[in-house]
Amino acid sequence: MKKTSRLPGFYKLSVGERRHVASAALGLDERDFDAALEEGGLNCATADKTVENVVGVYSLPFALGLNVSLNGDDFVAPMVVEEPSVVAAASNAARLIRGGGGFTAESDPPHMISQVQLDEVADPAAACAAILEHRRELMQRANAAVPGLVRRGGGAVDLEVRDLGDGYIVVHFIIDCRDAMGANLVNTVAEKVAERVAELAQGRVGLRILSNLCDRRCVRVTGEVPPELLAEGERSGTAVRDAIVRASIFAEKDPYRASTHNKGIFNGIDAVVIATGNDWRAVEAGAHAYAARSGTYSPLCTWRVAENGNLRGSLEMPLALGTVGGPSRVHDGARFGIRIAGVTSSQQLAELAACVGMASNLAALRALATTGIQRGHMALHARSVAIAAGATGKLVERVASEIHALGDVSLSAAEHALARLNSAPN
Ligand code: NAD
């Protein structure tokens with residue numbers, strides 16, 4: 001049976017019913033959900049072996065992003081996020097893009113940059129020449145540092161030298177990390193080759209570590225939405241489409257807006273990155289540096305009207321994600337997240353995360369360009385406020401809908417509503 005990510009009415013189900021429906025749709029065993037997620041994917045004893053000074057574990061919601069059609073196949077996106085409305089918004093927008101034929105994505109091979117800094121280089125030109133002359137030998141040394149990776153078809157693929165001036169040189173070893181994010185692998189390479197590089201350059205070894213600006217490992221996504229799917233209330237689809245394009249141009253012209261625009265993209269991307277046990281600090285550091293590569297901080301996803309009249313989005317960014325290694329070794333939730341994603345490679349995981357990022361961006365722009373972001377956001381936020389006021393079970397939804405209808409999503413309004421409902425006869 002072909003996997004589907006279209007699960008209409010999923011949001012109306014209970015957690016148990018969702019597990020049942022999702023396991024059938026994904027071809028998983030329902031018991032796998034219980035095993036992987038019941039303790040949040042990580043118990044205290046394992047956490048204690050993972051980082052230092054552990055005093056407990058800290059949970060976040062694990063949810064499913066729906067409706068993603070990527071290069072003709074369906075994917076369900078695992079999403080770990082604490083912010084209300086992110087999952088619903090991404091799923092809704094992915095459905096709109098599905099209506100335009102789905103996401104098309106492609107990605108670079110998983111090439112990471114290993115940096116070896118050299119300083120006090122007396123003759124930088126001679127040093128660069130000597131390093132390049134010994135390219136073959138240096139690449140062999142790099143490969144010898146990561147035999148397991150080489151066995152899996154990865155390893156050193158290139159080497160380049162950059163003269164930074166003032167006696168500073170940096171050598172980049174380009175390492176194919178296959179299905180790993182690669183930070184540890186690449187750092188191992190840098191530390192193993194540094195002495196020989198310094199000897200050739202007649203300089204002093206400085207830092208030896210990856211660059212998080214992994215611009216050799218970019219992902220590119222496009223997606224279209226027919227304007228008729230964008231209509232909302234009295235606003236026509238073409239009016240909404242054009243408003244979204246103007247919102248994109250605003251971000252392209254103004255870094256103050258671009259920052260918030262990209263935050264919306266990361267609502268989706270970070271959720272997938274965290275759900276699959278990947279390093280969101282690394283992803284953010286790389287993407288923000290990439291967004292500023294022209295000298296002006298810019299949006300990672302832009303929107304225009306295509307020749308056929310559709311709204312067309314294009315996203316490009318570096319994205320180093322792993323389906324092996326890192327926390328996925330010890331975190332049941334992360335391993336389960338990767339299983340839910342159903343990807344076959346680190347590249348495909350990056351493509352899926354980028355699609356969810358584009359969907360999140362579209363959802364935010366559509367809301368901002370029409371009714372504003374608060375209406376939808378507050379409807380969902382009202383539930384958290386109801387819980388904070390002490391509502392449990394069915395009262396959560398009743399208190400939430402009362403305070404939302406009142407237009408006063410505050411703790412005191414929720415407490416009043418709860419007191420009234422509690423004292424009302426059944
Ligand atoms: P890792 O150390 O777990 O190495 C990956 C391992 O998986 C290697 O031993 C490799 O041989 C093995 N492997 C098995 N199957 C593979 C396959 N198909 N393709 C590739 N490798 C395969 O993990 P990593 O990816 O090298 O490093 C990621 C970790 O490094 C993350 O936890 C990250 O937080 C951390 N880190 C990040 C930074 C940074 O971003 N600046 C710095 C240091 C460490």
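**Helix 1 and helix 2**

I looked up how helix 1 (15-26) packs on helix 2 (residues 30-37): the axes are 8 Å apart and the angle is about 125 degrees. The model is predicted; local features need pLDDT of at least 70, side-chain atom pairs count only at pLDDT 80 or more, and totals for chains, interfaces and linings use all residues. Residues are numbered from 1 along each chain as its sequence is written, and side-chain values use heavy atoms, with hydrogens and water left out.

I noted the terms as I went. Helices are DSSP runs (H or I, at least four residues), numbered from the N terminus. Axes are lines fitted to C-alpha atoms over the stretch in contact, and angles run from 0 to 180 degrees between N-to-C directions.

Helix 1 and helix 2 are therefore oblique to each other; angles under 35 degrees count as roughly parallel, over 145 as roughly antiparallel, 65 to 115 as roughly perpendicular, and the rest as oblique. Helix 1 passes helix 2 in a right-handed crossing, that is, the near helix is turned clockwise from the far one by less than a right angle. On helix 1 the contact (heavy atoms within 4.5 Å) uses Gly-16, Arg-19, His-20, Ala-22 and Ser-23, and on helix 2 it uses Glu-30, Phe-33, Asp-34 and Leu-37. I sorted these residues into three nonpolar, three polar and three charged. Here Ala, Val, Leu, Ile, Met, Phe, Trp, Tyr, Cys and Pro count as nonpolar, Asp, Glu, Lys and Arg as charged, and the others, Gly among them, as polar.

**Helix 6 and helix 8**

I then took helix 6 (residues 135-145) and helix 8 (residues 183-201), whose axes come within 8 Å and cross at roughly 150 degrees. That makes helix 6 roughly antiparallel to helix 8. Their crossing is right-handed. From helix 6, Glu-137, Leu-138, Arg-141, Ala-142 and Ala-145 meet Thr-188, Val-189, Lys-192, Val-193, Arg-196, Val-197 and Leu-200 of helix 8. The contact residues come to seven nonpolar, one polar and four charged.

**Helix 15 and helix 16**

For helix 15 (residues 394-406) and helix 16 (residues 411-423), I found axes that come within 9 Å and cross at roughly 125 degrees. Helix 15 is thus oblique to helix 16. The crossing of this pair is right-handed. Helix 15 contributes Leu-395, Arg-398, Val-399, Glu-402 and Ile-403 to the contact, while the residues from helix 16 include Ala-413, Ala-417 and Leu-421. Eight of the contact residues are nonpolar, one is polar and three are charged.

**Two residues of helix 13**

Is Asn-361 buried or exposed? Asn-361, in helix 13, is buried, with a relative accessible area of 1%; buried means under 20%, exposed over 50%, and partly exposed in between (1.4 Å probe, protein chains only). Its side chain makes a polar contact with the side chain of Trp-303 at 2.8 Å. A polar contact is a pair of N or O atoms within 3.5 Å; within protein, one must be able to donate a hydrogen and the other to accept it, and residues adjacent in sequence count only if both atoms are side-chain atoms. Leaving aside neighbours within four places in sequence, Asn-361 is in contact with His-261, Gly-264, Ile-265, Cys-301 and Trp-303.

Arg-366 also sits in helix 13 (residues 346-369). Arg-366 counts as buried at 18% relative accessibility. Its side chain reaches the backbone oxygen of Ala-231 at 3.4 Å. Not counting residues up to four places away in sequence, Arg-366 touches several residues, including Leu-96, Glu-232 and Ile-244.
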